[in-house]
Amino acid sequence: MEPKNFFRLIFLIVTAGFIISFTSTNFPHAPSSTTGLLDCTDSSSSPLCASRNFLFNKQKPQFSKQDPKPKPKNHDHLSDTLNHPLDPLTVMEFNKVRSLLSSDALFSSGAPHAFHSIVLEEPEKNLVRAWEKGNPLPPRKASVIARVGPDTHVLTVDLSSSRVDIVDSPVPVSGYPMMTLEEMNEVTFAPFSSADVNRTIVSRGVNLTDVYCFPLSSGWYGRKEGNKRVIKSQCYSSQGTANFYMRPIEGLTILIDLDTKQVIEIVDTGPNIPIPGSANTEYRFKNLGTTDKTRGLNPISIEQPRGPSFVIEDNHLVKWANWEFHPKPDSRAGVVLSQVRVHDPDTQETREVMYQGFVSELFVPYMDPSDAWYFKTYMDAGEYGFGLQAMPLVPLNDCPRNAAYMDGVFTTADGTPFVRENMICIFERYAGDIGWRHSESPISGLPIKEVRPKVTLVVRMAASVGNYDYIIDYEFQTDGLIKTKVGLSGILMVKGTSYQNKNQVNKDKEGNEEELHGTLLAENIIGVIHDHYVTFYLDLDVDGPDNSFLKVNLKRQMTEPGESPRKSYMKAVKNIVKTEKDAQIKLSLYDPSEFHVVNSAKTTRVGNPTGYKIVPRATAASLLDHDDPPQKRGAFTNNQIWVTPYNKTEKWAAGLFTYQSHGDDTLAVWSDRDRDIENTDIVVWYTLGFHHVPCQEDFPIMPTVSSSFDLKPANFFERNPILRAAPNFEHDLPVCEAKYVSA
């Protein structure tokens, strides 16, 4: 046997042995002890303690001695108790669901099956709203999405009666449930089972032991997908760097059957494109040099000598200042905020603002139509699970010292529960901002200088969906405003190229450069143009569920001749929107409006209906053609605002079954029914968008870029609700001696 063939044979045997060993050790068997299952402090102890990024790692992660360590666990999840109708399923409940399903006829026949989602089946909204602490909880149920053979099934498990009911079997709509962690893990190894893939990689001059292959959802184009659940994989070289994303084996795309994990097709359009080098791709602190002469920052921290001002009751009920709400981790949405209420300082009532709010979907289309890129149009929640990709937050850096943490409990494909530690953090923020102020002019002779500091409460999660990192903040202000902010960071998805400098790019006769579909970031690396759209589900219940959508159109009004020295002014024209289609809103600077959710049955002292308004900040709109297959699936981004009547089954903007869906069960389809939305229970959907044309500052890792929108009270209170807020006084604050260094 030739030495080269002998080496390949040895490598394949070792790889196969590793896969068999890994699979038999970790899936689908339960761990040897509950402690091993639940202890994620050392993320190497279980493949379930991190997102699919960790599943790529071939070595135990190394931590610097200076890295902050997670705080000790504050309770054992085996002893979790239920205190609220919307509390997530506990470890004990997951175990009961698993036991009941294992004996159900659908799963006991021996047919291959997997549980893609097991979550709380939330009680009816009217029952939750009527429930008060101390009353019995509504019956606990679990909602299950499972695949048995080629079919998808939706079931409900009643934990009180131990009854299993089939809700939809098999599911009739297009699309499949989000992938399991096991599937994502197995797909990373699947390419190496193909000798043709291995030969192709080696022919590109890459050592197989340096290769990472990445699972990429394929979208839907009606061609090779057929009636199969498929996924694509592309590979990278890690030689000389941990930042393997910057070293793509460009043009190599592997189509894999997601059920059998067999390679279906190999396409290599880039054999002449070099693998980018590893120079300057490092981003880990311990490995970076210290030659930079930039003046460093001294450590900064918020100290609270009396402790934080918020409390977390019964593991999930947060109370802070004038706010209370119920946050819970969710495998698809990440964080779900429920029963958000605010205390009115004038009436002394605790009033309803929002029944539920969460990330419904993330749509990320890349703008390169070539064979290796056209399909990259991801739905990060419905395909990968936004909550499943949430990473344990890093104390002192993801969240400040004064933060409290909340874990998520999810399940594997066989129903075994596992814990995602430190998934959510909650903390108070003071950045030197001002809540309100007024200093009187000396002309008046009044010595008035009144200023109030702005302190806010932040609920945060961060998800690493492959190369990209998302930071989601829900920030509560004492004036009744809720700011929702999305931060983008992480590593660009880049394209390999033969170009090392812009002066090498081909030009046509007119001098126009070849279309690169992005920016040359470094030698042989193009950052491809792409968009991010984050669609939020906002079930506002302003002073109760029966609300209306009020559009306040701002118009130029011309004055009558002789009426005024002015020729024009702006006026507000208010109209209650009657049906869904009239509430499909495209934002425009040149047709400005405000968008209010009002309760016409409750008014202020002077007669205004109480309300909240959606205040957009910087955002972006999709430029894709509406008939483009990705945009059909992502049609919920055709408008920035939608309003629909509340429907318990309409929560996911891309549909319940997003993977390879055809776009036949989306927010756009529901809204086109044009149902009534006046004086009824309504849901507002808001899409926050980003156009991203990469630049060199995004290499090798991106500084965080953020945008946001606000939910702001509009005639909700009788007056400024923080009128009585106290200023800071010197004697209330800790005194720390600073060590000053002369310049």
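## T644 and its partner

The side chains of T644 and W685 are joined by a polar contact of 3.0 Å. Keep in mind that this is a predicted model. T644 sits in strand β30, which covers residues 641-645.

Is T644 buried or exposed? T644 is buried, because its relative accessible area is 1% and buried means under 20%. Leaving aside residues up to four places away in sequence, T644 touches E580, L667, R675, I677, D681, I682, V683 and W685.

## R332, a buried charge

Now for a loop. R332 is found between β11 (323-330) and β12 (334-343). R332 is buried, yet has no salt bridge.

R332 does have a polar contact, though: its side chain pairs with the side chain of T658 at 3.0 Å. Not counting residues up to four places away in sequence, R332 touches a list of residues that includes M178, F386, W652 and L656. Both E361 and T658 are on that list too, along with the glycines G382, G385, G387 and G655.

## A nonpolar patch on the surface

Let's head to the surface. Here I302, Y430 and V455 form a nonpolar patch, and together they have about 210 Å² of accessible area.

Take V455 as one of the three. V455 lies in the loop between β18 (449-453) and β19 (456-465). With a relative accessible area of 31%, V455 is partly exposed.

Key. Residues are numbered from 1 along each chain as its sequence is written. This is a predicted model: local features need pLDDT of at least 70, side-chain atom pairs count only at pLDDT 80 or more; totals for chains, interfaces and linings use all residues. Side-chain values use heavy atoms; hydrogens and water are left out. Helices (H or I, at least four residues) and strands (E, at least two) are DSSP runs, numbered from the N terminus. Buried means under 20% relative accessible area, exposed over 50%, partly exposed in between (1.4 Å probe, protein chains only). Lys and Arg count as positive and Asp and Glu as negative; His and the chain ends are not counted. A salt bridge is a side-chain nitrogen of Lys or Arg within 4 Å of a carboxyl oxygen of Asp or Glu. A polar contact is a pair of N or O atoms within 3.5 Å; within protein, one must be able to donate a hydrogen and the other to accept it, and residues adjacent in sequence count only if both atoms are side-chain atoms. Contact means heavy atoms within 4.5 Å. Patches are made of residues with over 30% relative accessible area and no salt bridge: like charges are joined within 9 Å, nonpolar side chains (Val, Leu, Ile, Met, Phe, Trp, Tyr) within 5 Å. Accessible areas come from the Shrake-Rupley method with a 1.4 Å probe; for residues, only the protein chains shown count as cover.
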